[in-house]
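Open the model in your viewer and keep the selection tool at hand. This tour goes stop by stop.

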Amino acid sequence: MATAKQGSKTVSKPPTGGTGPASAPGAPPALPLASPLMGKKKKPFLGMPAPLGYVPGLGRGATGFTTRSDIGPARDANDPVDDRHAPPGKRTVGDQMKKSQEEDEEDLNDTNYDEFNGYAGSLFSSGPYEKDDEEADAIYAALDKRMDERRKERRELREKEEIEKYRMERPKIQQQFSDLKRKLSEVSEEEWLSIPEVGDARNKRQRNPRHEKLTPVPDSFFSKHLQTGENHTTVDPLQGLGGLNTPYPGSMTPGTGDLDMRKIGQARNTLMDMRLSQVSDSVSGQTVVDPKGYLTDLNSMIPTHGGDISDIKKARLLLKSVRETNPHHPPAWIASARLEEVTGKLQVARNLIMKGTEMCPKSEDVWLEAARLQPGDTAKAVVAQAVRHLPQSVRIYIRAAELETDVRAKKRVLRKALENVSKSVRLWKTAVELEEPEDARIMLSRAVECCPTSVELWLALARLETYENARRVLNKARENIPTDRHIWITAAKLEEANSNTQMVEKIIDRAITSLRANGVEINREQWIQDAEECDKAGSVATCQAVIRAVIGIGIEEEDRKHTWMEDADSCVAHGALECARAIYAHALQVFPSKKSVWLRAAYFEKNHGTRESLEALLQRAVAHCPKAEVLWLMGAKSKWLAGDVPAARSILALAFQANPNSEEIWLAAVKLESENNEYERARRLLAKARSSAPTARVFMKSVKLEWVLGNIEAAHDLCTEALKHYEDFPKLWMMRGQIEEQCENMDKAREAYNQGLKKCPHSVPLWLNLSRLEERVGQLTRARAILEKSRLKNPQGPELWLESVRLEFRAGLKNIANTLMAKALQECPNSGILWAEAVFLEARPQRKTKSVDALKKCEHDPHVLLAVAKLFWSERKITKAREWFLRTVKIEPDLGDAWALFYKFELQHGTEEQQEEVRKRCENAEPRHGELWCAESKHVLNWQKNIGEILTLVASKIKNTF
């Protein structure tokens with residue numbers, strides 16, 4: 001059973017003589033013991049190896065034995081297994097052993113063979129398992145499963161009976177006591193109360209533990225024990241008796257053992273002062289400690305992670321090895337000092353770095369690190385020592401000047417430095433910065449002699465000199481440094497500052513020629529950057545001259561227009577407006593007949609220039625591009641906005657001559673007259689336009705004019721006439737339906753919309769108007785049917801889905817509205833208006849989550865951004881709401897609803913300045929779209945209102961229902 005352990009457990013009794021072999025087979029021969037019998041004849045088998053299979057003591061009946069720990073507890077085959085709730089067939093040890101034997105060995109005897117089923121086991125279980133076998137097994141498994149389901153009820157019933165029988169044979173402890181528990185119901189209240197309480201066997205001290213009381217030890221206790229020199233901490237009762245305080249040899253003399261507690265307190269304060277000074281003596285030499293940041297600084301000096309400590313130990317060991325291997329290697333000393341500084345051991349760091357200065361006295365970095373680590377006065381001494389070793393080091397002199405707090409001392413240090421290192425530009429610049437203008441000019445005149453190749457010093461001197469002297473200085477600078485463009489540009493700025501603008505162009509041209517002659521490559525981007533700097537400094541003429549000189553360098557002819565427009569946009573983005581203006585002026589000289597360049601320049605002047613500059617540009621534009629209607633219209637609008645109506649009329653008259661029968665110019669003339677209350681003149685113009693240049697828009701404007709003036713009959717007749725010629729123009733059908741609605745003729749309005757939808761089935765506004773008409777008259781079912789039909793005609797139309805959702809919501813059917821919204825988002829997953837509506841269909845707690853989903857799908861959609869802004873507004877997060885409103889109007893300035901909501905928000909939470917800013921920005925943007933905006937701006941009663949009035953009107957009608 002336990003063959004592995006039998007050898008170790010085999011025990012045999014040695015023979016009586018004590019000389020018998022007791023070694024196991026294969027063991028080395030035992031040496032004979034020294035005894036009086038050594039003279040007898042030696043046995044022949046002594047010293048020989050034992051024969052194979054020899055067991056000592058076997059002849060006397062000694063055998064090995066096996067303990068219970070070798071084989072485990074003995075268990076009968078009928079004993080139950082450890083799992084009490086095992087299913088039938090696995091409940092005893094015998095069952096499980098039998099099962100494991102069956103799994104290990106397959107019985108393929110004839111007795112196990114069945115004529116119908118074959119062998120109970122598998123003949124081919126050891127063979128390869130192929131795809132055919134897998135298919136066959138799957139089929140058999142399916143059949144078995146089917147058969148198993150047919151027998152399921154009977155099997156489950158049988159298993160239930162077996163489990164119940166098992167529970168009856170071996171009940172749980174809880175079931176065994178169940179009859180006793182039932183008898184508890186018969187116990188009366190008096191019997192229950194008479195049951196004695198379970199006693200507490202613990203004693204009183206264990207039951208009521210008291211907190212250990214600690215009493216502070218008085219200072220006299222310490223002083224007495226210090227005198228005796230004893231090591232134990234118990235009080236000796238004989239300590240106060242005279243004659244017993246004589247010290248033992250080597251112990252403390254009583255006279256010197258007096259302990260002054262006041263001195264201990266002073267020592268404690270001194271220790272704290274040292275720690276404070278350790279923190280306060282930082283690299284900048286400050287001596288004031290921030291009391292609030294003191295603890296933070298202390299914590300920051302201690303490694304916070306457990307891993308850091310082991311890493312620091314490794315780093316310390318490694319750096320020590322580097323220092324010992326190569327003591328003249330400066331980085332090793334610097335790294336060691338910084339490591340100690342990081343771990344909070346500032347004094348160790350200082351000692352290390354000072355040793356580094358001894359080992360590497362010619363290393364600039366080591367001296368600078370030593371000066372950084374040392375406190376103020378010590379750092380000055382270190383720097384003085386460094387100067388003695390490195391008298392030509394500029395960085396050490398600069399550090400010495402930084403350590404001085406008095407300006408005069410700084411000047412003294414820097415002048416001493418310049419005596420030793422007169423060629424250092426950095427030292428000269430640092431010294432000049434500390435001087436007054438007159439002294440600085442004298443120093444700079446000396447500096448340019450010492451450092452004639454420093455452009456900065458020459459330019460600084462030129463700035464401090466008078467005009468004539470500055471010219472001489474710059475001429476000298478050009479002689480010394482013929483390859484630097486900044487000197488030429490400074491010379492041009494100098495001439496411009498002294499009103500000598502005609503020289504500016506010549507200087508820049510000479511600069512380009514001279515630099516090329518000296519082999520300098522003209523980098524176009526660098527020069528444009530210099531021009532932008534000139535623009536920001538106010539040197540407009542220099543900036544324009546530079547742009548004109550370099551704008552065409554290094555550009556292919558076919559790329560000029562595109563590149564120049566990009567340069568102009570870049571200058572505008574950088575705030576260099578004069579540079580952009582110069583680029584546009586040059587581009588217009590090269591491309592005088594390009595309408596796109598004139599338009600870009602005109603929009604630039606409109607946004608960043610004055611009205612006069614815009615009108616002057618547009619006059620030149622229409623002279624070069626007379627067929628560009630938009631340029632004529634911009635000029636006329638500019639005059640009209642300035643209040644000069646006759647000038648606007650004359651511009652439009654010239655436009656008519658250049659563009660006869662142009663629809664845009666006709667309509668602009670009509671708008672000009674109607675806006676200025678010249679209705680008869682507008683009517684005549686429209687009549688003339690209808691006869692000479694009839695278009696659908698001309699007819700529509702004619703109908704609109706009569707409608708807004710209250711001539712409903714004339715508007716109706718004009719609309720009917722227009723529909724004869726342009727029956728596929730949906731706006732005419734919409735106007736006809738709206739006119740009928742205004743006259744309360746609902747049936748005629750419905751008929752107009754239906755006729756329009758036959759001609760224009762893909763016009764979404766017509767479907768929406770018809771649906772809203774049915775909803776207004778109370779035909780909710782018909783409105784719903786119209787919207788369903790419209791969605792079939794116009795699939796993936798988010799406006800139609802949105803109207804369907806809102807229709808159900810207005811009817812109070814919120815569940816149906818939510819279902820429709822889910823379908824809408826499936827069909828139009830990237831529609832911003834649907835996501836914006838979905839956010840506010842949710843309950844308040846879920847809105848934030850929905851808004852995050854909306855932003856993931858439509859990150860830059862203005863409707864979604866507007867919905868997020870409204871969400872923050874509803875949560876009273878004013879700053880965030882304002883940020884999102886600003887983001888919305890920046891992405892889509894044409895969305896009137898965003899401007900109206902923003903204005904309403906500022907009316908509630910902003911100042912008057914913020915409200916006025918939103919209003920001005922809205923007027924400049926001139927928005928034309930948006931559901932709420934168009935409802936007011938296109939209303940017949942508001943046709944003469946300007947942008948600001950419409951903004952106020954829309955904002956007043958918005959209610960914070962979200």
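Is Arg810 buried, partly exposed or exposed, and what is its relative accessible area? Select Arg810: it is partly exposed, with a relative accessible area of 45%. The classes are buried under 20% relative accessible area, exposed over 50%, and partly exposed in between, using a 1.4 Å probe and protein chains only. Glu803 counts as buried, at 3% relative accessibility. A salt bridge here is a side-chain nitrogen of Lys or Arg within 4 Å of a carboxyl oxygen of Asp or Glu.

Some ground rules before moving on. This is a predicted model: local features need pLDDT of at least 70, side-chain atom pairs count only at pLDDT 80 or more, and totals for chains, interfaces and linings use all residues. Residues are numbered from 1 along each chain as its sequence is written, and side-chain values use heavy atoms, leaving out hydrogens and water.

Zoom out to the protein chain. It has 51 helices and 2 strands. These are DSSP runs numbered from the N terminus: helices are H or I with at least four residues, strands are E with at least two. Of the 962 residues, 34% are buried.

Next, select residues 540-550, helix H27. Here 8 of the 11 residues are buried, so the helix is largely enclosed by the rest of the structure. Among the buried residues are Cys543, Val546 and Ile547.

The whole structure holds 31 salt bridges. Select Arg395 and Glu364, whose closest N and O atoms are 3.0 Å apart in a salt bridge. Arg395 sits in helix H18 (residues 394-403) and Glu364 in helix H16 (residues 364-373), so the pair ties together parts 31 residues apart in sequence. Arg395 is partly exposed at 36% relative accessible area. Glu364 is partly exposed at 23%.

Move to helix H31 (residues 611-624). Arg611 and Glu615 both lie there, 4 residues apart, about one turn of the helix. Their salt bridge has its closest N and O atoms 2.8 Å apart. Arg611 is partly exposed at 39% relative accessible area, whereas Glu615 is buried at 10%.

Last stop: select Arg338, Glu341, Glu369 and Arg372. A network of salt bridges links these residues.
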